[in-house]
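Reader: I would like to go through this model term by term. Please set each value against its definition.

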Amino acid sequence: MRITNGMINERTLFNIQHSLYRISKLHDKLSSGKEVSYPSDDAVVATRASNISSRMRELKQFKRNVEHTQNFVNIYDSTIQELTNVYHRIKELIVRGANGTNDAAEREAIASELEKLKEHLEDIANTQLGGEYIFGGARSDLKPVENGKIQTPPDANIKRKVNAMGFTIEYGVTVYDVFKLENGKDAFTVIDDAINALREGDSLKLSNITLKEVNLLENSTMEVFAQIGANSRTLELVSSRLTDIDTFMTEYLSKEQDADLTKVLTDLSMQQSVLQAALKSAAQVLQKTLVDFVS
(Lines give C-alpha, C1' and ligand atoms only; values in the text may rest on other atoms or scores of the structure.)
Protein backbone atom coordinates (compact mmCIF):
# COMPACT_ATOMS: atom_id res chain seq x y z
CA MET A 1 0.00 0.00 0.00
CA ARG A 2 1.37 3.36 -1.02
CA ILE A 3 1.52 5.93 1.77
CA THR A 4 1.39 9.51 0.50
CA ASN A 5 2.30 12.75 2.21
CA GLY A 6 -1.34 13.75 2.10
CA MET A 7 -2.36 10.60 3.99
CA ILE A 8 0.31 11.23 6.61
CA ASN A 9 -0.79 14.84 7.03
CA GLU A 10 -4.44 13.88 7.31
CA ARG A 11 -3.78 11.11 9.82
CA THR A 12 -1.52 13.28 11.94
CA LEU A 13 -4.04 16.12 12.09
CA PHE A 14 -6.83 13.63 12.91
CA ASN A 15 -4.88 12.26 15.88
CA ILE A 16 -4.12 15.75 17.15
CA GLN A 17 -7.78 16.68 16.83
CA HIS A 18 -8.84 13.51 18.65
CA SER A 19 -6.38 14.26 21.45
CA LEU A 20 -7.85 17.75 21.80
CA TYR A 21 -11.33 16.22 21.94
CA ARG A 22 -10.29 13.89 24.81
CA ILE A 23 -8.76 16.83 26.68
CA SER A 24 -11.98 18.80 26.18
CA LYS A 25 -14.05 15.92 27.61
CA LEU A 26 -11.77 15.68 30.64
CA HIS A 27 -12.13 19.44 31.22
CA ASP A 28 -15.92 18.99 31.10
CA LYS A 29 -15.70 16.31 33.80
CA LEU A 30 -13.54 18.56 35.98
CA SER A 31 -15.82 21.57 35.65
CA SER A 32 -19.09 19.65 36.12
CA GLY A 33 -17.77 17.08 38.59
CA LYS A 34 -19.76 14.43 36.73
CA GLU A 35 -18.52 11.34 34.97
CA VAL A 36 -21.70 11.17 32.87
CA SER A 37 -23.37 14.37 31.73
CA TYR A 38 -25.05 13.21 28.52
CA PRO A 39 -26.65 9.94 27.38
CA SER A 40 -23.91 9.67 24.76
CA ASP A 41 -21.34 9.36 27.58
CA ASP A 42 -23.01 6.22 28.97
CA ALA A 43 -26.65 5.52 28.09
CA VAL A 44 -27.24 3.00 30.91
CA VAL A 45 -25.80 5.20 33.66
CA ALA A 46 -27.52 8.30 32.25
CA THR A 47 -30.90 6.52 32.31
CA ARG A 48 -30.41 5.36 35.90
CA ALA A 49 -29.31 8.84 36.96
CA SER A 50 -32.35 10.39 35.26
CA ASN A 51 -34.70 7.98 37.07
CA ILE A 52 -33.02 8.68 40.42
CA SER A 53 -33.22 12.46 39.86
CA SER A 54 -36.92 12.15 39.01
CA ARG A 55 -37.54 10.16 42.18
CA MET A 56 -35.64 12.72 44.25
CA ARG A 57 -37.85 15.51 42.87
CA GLU A 58 -40.89 13.51 43.98
CA LEU A 59 -39.39 13.09 47.45
CA LYS A 60 -38.75 16.83 47.71
CA GLN A 61 -42.40 17.53 46.85
CA PHE A 62 -43.54 14.97 49.44
CA LYS A 63 -41.28 16.66 52.00
CA ARG A 64 -42.78 20.08 51.19
CA ASN A 65 -46.26 18.58 51.60
CA VAL A 66 -45.33 17.10 54.98
CA GLU A 67 -43.75 20.36 56.19
CA HIS A 68 -46.86 22.29 55.14
CA THR A 69 -49.03 19.76 56.97
CA GLN A 70 -46.86 19.93 60.09
CA ASN A 71 -47.46 23.69 60.23
CA PHE A 72 -51.22 23.07 60.29
CA VAL A 73 -50.96 20.24 62.82
CA ASN A 74 -48.90 22.48 65.11
CA ILE A 75 -51.46 25.28 64.99
CA TYR A 76 -54.29 22.78 65.48
CA ASP A 77 -52.44 21.46 68.51
CA SER A 78 -52.11 24.86 70.20
CA THR A 79 -55.61 26.02 69.16
CA ILE A 80 -57.44 22.88 70.34
CA GLN A 81 -55.53 23.03 73.62
CA GLU A 82 -56.70 26.61 74.09
CA LEU A 83 -60.24 25.60 73.11
CA THR A 84 -60.19 22.82 75.70
CA ASN A 85 -59.18 25.34 78.38
CA VAL A 86 -62.04 27.66 77.37
CA TYR A 87 -64.60 24.83 77.52
CA HIS A 88 -63.24 23.85 80.92
CA ARG A 89 -63.67 27.41 82.15
CA ILE A 90 -67.22 27.55 80.77
CA LYS A 91 -68.03 24.34 82.63
CA GLU A 92 -66.66 25.80 85.88
CA LEU A 93 -68.82 28.90 85.46
CA ILE A 94 -71.94 26.86 84.74
CA VAL A 95 -71.34 24.67 87.78
CA ARG A 96 -70.92 27.79 89.88
CA GLY A 97 -73.97 29.41 88.32
CA ALA A 98 -76.11 26.33 88.98
CA ASN A 99 -75.63 26.89 92.71
CA GLY A 100 -79.01 28.06 93.93
CA THR A 101 -77.43 30.36 96.53
CA ASN A 102 -76.20 32.90 93.93
CA ASP A 103 -77.93 36.25 93.94
CA ALA A 104 -78.80 38.21 90.80
CA ALA A 105 -75.55 40.20 90.81
CA GLU A 106 -73.44 37.06 91.06
CA ARG A 107 -75.36 35.39 88.23
CA GLU A 108 -74.98 38.49 86.08
CA ALA A 109 -71.21 38.52 86.67
CA ILE A 110 -71.02 34.88 85.53
CA ALA A 111 -73.20 35.67 82.49
CA SER A 112 -70.91 38.58 81.54
CA GLU A 113 -67.84 36.36 81.68
CA LEU A 114 -69.62 33.77 79.53
CA GLU A 115 -70.33 36.48 76.93
CA LYS A 116 -66.61 37.30 76.81
CA LEU A 117 -65.75 33.61 76.46
CA LYS A 118 -68.24 33.32 73.60
CA GLU A 119 -66.40 36.13 71.77
CA HIS A 120 -63.12 34.36 72.44
CA LEU A 121 -64.53 31.12 71.05
CA GLU A 122 -65.42 32.95 67.82
CA ASP A 123 -61.86 34.24 67.57
CA ILE A 124 -60.55 30.69 68.01
CA ALA A 125 -62.97 29.35 65.38
CA ASN A 126 -61.70 31.97 62.91
CA THR A 127 -58.01 31.18 63.43
CA GLN A 128 -56.01 31.59 60.21
CA LEU A 129 -52.75 30.24 58.84
CA GLY A 130 -51.33 31.68 55.66
CA GLY A 131 -54.64 33.36 54.84
CA GLU A 132 -56.65 30.14 55.29
CA TYR A 133 -59.22 29.52 58.02
CA ILE A 134 -57.99 26.31 59.64
CA PHE A 135 -61.50 25.19 60.72
CA GLY A 136 -63.08 26.03 57.36
CA GLY A 137 -62.85 22.57 55.82
CA ALA A 138 -63.30 22.76 52.06
CA ARG A 139 -64.16 26.48 52.38
CA SER A 140 -60.98 27.72 54.01
CA ASP A 141 -61.62 31.11 52.36
CA LEU A 142 -64.84 31.62 54.35
CA LYS A 143 -65.05 32.69 58.00
CA PRO A 144 -66.26 29.61 59.89
CA VAL A 145 -68.14 31.69 62.49
CA GLU A 146 -69.59 35.19 62.36
CA ASN A 147 -71.80 36.87 64.96
CA GLY A 148 -72.04 33.59 66.88
CA LYS A 149 -73.32 31.67 63.84
CA ILE A 150 -71.51 28.89 61.97
CA GLN A 151 -71.05 30.01 58.36
CA THR A 152 -69.25 26.96 56.96
CA PRO A 153 -71.79 25.06 54.82
CA PRO A 154 -72.36 21.37 55.72
CA ASP A 155 -71.01 20.20 52.35
CA ALA A 156 -67.68 21.89 53.20
CA ASN A 157 -67.28 19.72 56.31
CA ILE A 158 -64.33 17.91 54.72
CA LYS A 159 -61.08 17.22 56.53
CA ARG A 160 -57.72 18.19 55.08
CA LYS A 161 -55.59 15.36 53.68
CA VAL A 162 -52.01 15.01 52.54
CA ASN A 163 -50.37 12.41 50.33
CA ALA A 164 -46.85 11.28 51.11
CA MET A 165 -45.12 8.24 49.61
CA GLY A 166 -48.43 6.68 48.63
CA PHE A 167 -50.00 7.14 52.07
CA THR A 168 -52.90 9.49 52.73
CA ILE A 169 -52.93 11.20 56.12
CA GLU A 170 -56.16 12.87 57.24
CA TYR A 171 -55.23 15.71 59.55
CA GLY A 172 -57.78 18.50 59.19
CA VAL A 173 -60.25 19.68 61.84
CA THR A 174 -63.43 21.52 60.91
CA VAL A 175 -65.74 23.78 62.87
CA TYR A 176 -68.20 20.89 63.00
CA ASP A 177 -65.72 18.67 64.84
CA VAL A 178 -65.21 20.88 67.89
CA PHE A 179 -68.00 23.48 67.90
CA LYS A 180 -71.03 21.41 66.90
CA LEU A 181 -73.11 18.85 68.81
CA GLU A 182 -74.96 15.86 67.37
CA ASN A 183 -78.28 17.31 68.53
CA GLY A 184 -77.78 20.21 66.10
CA LYS A 185 -76.77 22.80 68.66
CA ASP A 186 -73.36 24.47 68.65
CA ALA A 187 -71.06 25.89 71.31
CA PHE A 188 -72.37 29.43 70.78
CA THR A 189 -76.01 28.37 71.21
CA VAL A 190 -75.09 26.42 74.35
CA ILE A 191 -73.44 29.51 75.85
CA ASP A 192 -76.47 31.64 74.93
CA ASP A 193 -78.71 29.12 76.69
CA ALA A 194 -76.47 29.25 79.76
CA ILE A 195 -76.54 33.05 79.83
CA ASN A 196 -80.35 33.12 79.53
CA ALA A 197 -80.72 30.47 82.24
CA LEU A 198 -78.46 32.47 84.56
CA ARG A 199 -80.42 35.68 84.05
CA GLU A 200 -83.67 33.80 84.55
CA GLY A 201 -82.30 32.04 87.64
CA ASP A 202 -83.00 28.62 86.11
CA SER A 203 -80.33 26.58 87.90
CA LEU A 204 -82.06 23.29 86.97
CA LYS A 205 -81.61 23.92 83.25
CA LEU A 206 -77.98 24.87 83.84
CA SER A 207 -77.16 21.65 85.65
CA ASN A 208 -79.32 19.16 83.75
CA ILE A 209 -79.02 20.32 80.14
CA THR A 210 -76.40 22.97 79.52
CA LEU A 211 -73.71 21.37 81.69
CA LYS A 212 -74.13 18.04 79.87
CA GLU A 213 -73.78 19.79 76.51
CA VAL A 214 -70.58 21.54 77.58
CA ASN A 215 -69.22 18.17 78.75
CA LEU A 216 -69.91 16.77 75.26
CA LEU A 217 -68.10 19.70 73.64
CA GLU A 218 -65.15 19.26 75.98
CA ASN A 219 -65.00 15.52 75.25
CA SER A 220 -65.06 16.13 71.51
CA THR A 221 -62.08 18.47 71.75
CA MET A 222 -60.17 15.91 73.82
CA GLU A 223 -60.78 13.24 71.15
CA VAL A 224 -59.63 15.61 68.42
CA PHE A 225 -56.61 16.59 70.51
CA ALA A 226 -55.60 12.93 70.80
CA GLN A 227 -55.98 12.46 67.04
CA ILE A 228 -53.81 15.53 66.39
CA GLY A 229 -51.11 14.03 68.59
CA ALA A 230 -51.25 10.81 66.58
CA ASN A 231 -51.05 12.76 63.31
CA SER A 232 -48.07 14.72 64.58
CA ARG A 233 -46.21 11.51 65.42
CA THR A 234 -47.07 9.98 62.04
CA LEU A 235 -45.80 13.06 60.21
CA GLU A 236 -42.54 12.95 62.20
CA LEU A 237 -42.02 9.33 61.15
CA VAL A 238 -42.84 10.09 57.50
CA SER A 239 -40.52 13.11 57.51
CA SER A 240 -37.70 11.03 58.99
CA ARG A 241 -38.31 8.32 56.38
CA LEU A 242 -38.24 10.87 53.56
CA THR A 243 -34.96 12.30 54.85
CA ASP A 244 -33.40 8.83 55.01
CA ILE A 245 -34.50 7.95 51.48
CA ASP A 246 -33.31 11.31 50.14
CA THR A 247 -29.88 10.75 51.73
CA PHE A 248 -29.68 7.26 50.23
CA MET A 249 -30.74 8.52 46.78
CA THR A 250 -28.21 11.37 46.91
CA GLU A 251 -25.39 8.96 47.74
CA TYR A 252 -26.53 6.52 45.05
CA LEU A 253 -26.72 9.31 42.44
CA SER A 254 -23.26 10.47 43.46
CA LYS A 255 -21.85 6.99 42.91
CA GLU A 256 -23.51 6.76 39.52
CA GLN A 257 -22.68 10.23 38.21
CA ASP A 258 -19.79 11.84 40.06
CA ALA A 259 -16.36 11.76 38.50
CA ASP A 260 -13.24 10.46 40.26
CA LEU A 261 -11.38 13.77 40.23
CA THR A 262 -8.02 12.18 41.02
CA LYS A 263 -8.36 9.85 38.04
CA VAL A 264 -9.60 12.69 35.80
CA LEU A 265 -6.61 14.86 36.72
CA THR A 266 -4.23 11.95 36.05
CA ASP A 267 -5.86 11.25 32.67
CA LEU A 268 -5.79 14.95 31.79
CA SER A 269 -2.08 15.20 32.57
CA MET A 270 -1.40 12.14 30.42
CA GLN A 271 -3.49 13.46 27.52
CA GLN A 272 -1.69 16.81 27.65
CA SER A 273 1.62 14.97 27.47
CA VAL A 274 0.31 12.94 24.53
CA LEU A 275 -0.79 16.13 22.78
CA GLN A 276 2.60 17.77 23.28
CA ALA A 277 4.33 14.68 21.89
CA ALA A 278 1.93 14.57 18.93
CA LEU A 279 2.57 18.25 18.14
CA LYS A 280 6.34 17.74 18.23
CA SER A 281 6.04 14.70 16.02
CA ALA A 282 3.77 16.54 13.61
CA ALA A 283 6.28 19.37 13.30
CA GLN A 284 8.80 16.87 11.92
CA VAL A 285 6.42 14.70 9.88
CA LEU A 286 4.36 17.38 8.14
CA GLN A 287 6.18 18.62 5.04
CA LYS A 288 6.67 22.31 4.49
CA THR A 289 5.01 24.02 1.53
CA LEU A 290 5.83 27.18 -0.36
CA VAL A 291 3.30 28.95 1.84
CA ASP A 292 5.58 28.44 4.86
CA PHE A 293 8.29 30.46 3.16
CA VAL A 294 6.12 33.42 2.18
CA SER A 295 7.07 36.39 4.34
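Author: Along the sequence, the protein chain reads α-α-α-β-β-β-β-β-β-α-α-α-α, which makes 7 helices and 6 strands. The model is predicted, so local features need pLDDT of at least 70 and side-chain atom pairs count only at pLDDT 80 or more, while totals for chains, interfaces and linings use all residues. Residues are numbered from 1 along each chain as its sequence is written, and side-chain values use heavy atoms, with hydrogens and water left out.

Reader: What makes a stretch a helix or a strand here?

Author: Both are DSSP runs numbered from the N terminus: a helix is H or I over at least four residues, a strand is E over at least two.

Reader: Why is α3 called roughly antiparallel to α5?

Author: Helix α3 (residues 104-125) and helix α5 (residues 187-200) pack at about 170 degrees, with axes 9 Å apart. Axes are lines fitted to C-alpha atoms, for helices over the stretch in contact, and angles run from 0 to 180 degrees between N-to-C directions. Angles under 35 degrees count as roughly parallel, over 145 as roughly antiparallel, 65 to 115 as roughly perpendicular and the rest as oblique. Therefore α3 is roughly antiparallel to α5.

Reader: Which residues of α3 and α5 meet?

Author: From α3, the list includes I110, A111, L114 and L121; from α5, it includes F188, I191, A194 and L198. Contact means heavy atoms within 4.5 Å. By class, this contact of α3 with α5 has 10 nonpolar, no polar and 7 charged residues. Ala, Val, Leu, Ile, Met, Phe, Trp, Tyr, Cys and Pro count as nonpolar, Asp, Glu, Lys and Arg as charged, and the others, Gly among them, as polar.

Reader: What does L114 touch?

Author: Leaving out residues up to four places away in sequence, L114 touches I90, L93, I191, A194, I195 and L198. L114 is also among the residues with the most contacts inside the largest nonpolar core, which has 56 residues. Such a core is a set of buried Ala, Val, Leu, Ile, Met, Phe, Trp, Tyr and Cys residues joined through side-chain atoms within 4.5 Å. Helix α2 (43-97) gives the most to this core, with 16 residues.

Reader: How do you know whether T210 is buried or exposed?

Author: Buried means under 20% relative accessible area, exposed over 50%, and partly exposed in between (1.4 Å probe, protein chains only). T210 has 0%, so T210 is buried. T210 is in helix α6 (residues 203-257) and touches I94, V190, D193, A194 and K205, not counting residues up to four places away in sequence.

Reader: What is S207 called, and why?

Author: S207, also in helix α6, has 29% relative accessibility, so S207 counts as partly exposed. S207 and G97 are 110 residues apart in sequence and 8.8 Å apart in space, C-alpha to C-alpha.

Reader: Why does N126 count as it does?

Author: N126 has 13% relative accessibility and therefore counts as buried. N126 lies in the loop between α3 and β1 (128-129) and touches Y133, K143, P144 and V145, residues up to four places away in sequence not being counted.

Reader: What makes the phi of N147 worth a remark?

Author: Most residues other than glycine have a negative phi. N147 is not a glycine, yet its phi is positive, about 55 degrees. N147 is in the loop between β3 (145-146) and β4 (149-150). At 68% relative accessibility, N147 counts as exposed.
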